[in-house]
Amino acid sequence: MDEFKEQMNRRLQQLAAAAEPTFWGFLGCEFVSMENQVVTIALDAKRHHLNPIGIVHGGVLSSLLDNAMGIVVMMARPEEKVVTTNLNVHFVSPLYEGRLFVTAELIHQSRKMLTTQGRVVDQQGNLGTMGTGTFRVI
């Protein structure tokens, strides 16, 4: 493994450990990988993640996107603090109990603003939710 990848993996492991006692851990998020500037996280969607009609709650899906896109931003600006200023979410099709994967990547950045995009799919790769996020360096 080259030195850059090793540094990125160490940083990601630090972020995952720091996030464990926060909403990230409460929700049940897991870091999967970061390859070619694309972050992948996962969630085993369980009954308590569902809404009354048996599909994954929109708040859970929005949070997954925010978490994954936030990691992308923190990796792009490791020495700075960033906050979400806008989150656009499109619920394309219902997602159900089971393993969900979220991918996110940076699509634009300026001195103070970063824009990302993300997707939530099920184990079969079916797209359920997609979104964009804007983050501000504070």
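**Ground rules**

I worked on a predicted model in which local features need pLDDT of at least 70 and side-chain atom pairs count only at pLDDT 80 or more, while totals for chains, interfaces and linings use all residues. I numbered residues from 1 along each chain as its sequence is written, and side-chain values use heavy atoms, with hydrogens and water left out.

**Entry 1: the sheet**

I took helices (H or I, at least four residues) and strands (E, at least two) as DSSP runs, numbered from the N terminus. I counted two strands as paired if DSSP finds at least two bridges between them.

I looked up the strand order first. Six strands form an open sheet, and the order reads β1-β2-β4-β5-β6-β3 with antiparallel pairing. β1 and β3 are the edge strands, each pairing on one side only. On average, neighbouring strands of this sheet are turned by 20° against each other, direction ignored.

β1 (30-35) pairs with β2 (residues 38-45) in the antiparallel sense over five bridges. Phe31 has Ile41 in β2 as its bridge partner.

I then went to β4 and β5. β4 (residues 98-109) and β5 (residues 113-122) are antiparallel and share nine bridges. Val102 stands opposite Val120 in β5, and a hairpin of three residues joins β4 to β5.

β5 is also joined to β6 (residues 127-137) by nine bridges, again running antiparallel. Here Met113 stands opposite Arg136 in β6. The hairpin of β5 and β6 has four residues between the strands, and in it Gly125 takes a positive phi near 85°.

**Entry 2: helix packing**

I checked α1 against α3. They pack at an angle of about 130°, with their axes 11 Å apart; axes are lines fitted to C-alpha atoms, for helices over the stretch in contact, and angles run from 0 to 180 degrees between N-to-C directions. That makes α1 oblique to α3 (angles under 35 degrees count as roughly parallel, over 145 as roughly antiparallel, 65 to 115 as roughly perpendicular and the rest as oblique). α1 passes α3 in a right-handed crossing, meaning that the near helix is turned clockwise from the far one by less than a right angle.

**Entry 3: the largest pocket**

I looked for pockets on a 1 Å grid over the protein atoms alone; a pocket is an open set of points where a 1.4 Å probe fits, with protein on both sides within 12 Å along at least five of seven lines, and lining residues have an atom within 4 Å of a point. Grid points are joined across faces, edges and corners, and a volume is the space filled by probe spheres set on the points.

The largest pocket has a volume of about 400 Å³. It is lined by 20 residues, and those closest to its centre are Ala19, Asn67, Gly70, Ile71 and Met74. The elements that give two or more residues to this lining are α1 (3-19), α2 (23-27), α3 (58-76) and β3 (82-91). α1 gives the largest share, seven residues. I sorted the lining into 13 nonpolar, five polar and two charged residues (nonpolar: Ala, Val, Leu, Ile, Met, Phe, Trp, Tyr, Cys and Pro; charged: Asp, Glu, Lys and Arg; polar: the others, Gly among them).

**Entry 4: the second largest pocket**

The second largest pocket holds about 230 Å³ of space. Among its lining residues I noted Phe4, Met8, Leu12, Met34 and Glu35. α1 and β1 each give two or more residues to this lining, and the largest share, five residues, comes from α1. Its lining divides into four nonpolar, four polar and two charged residues.
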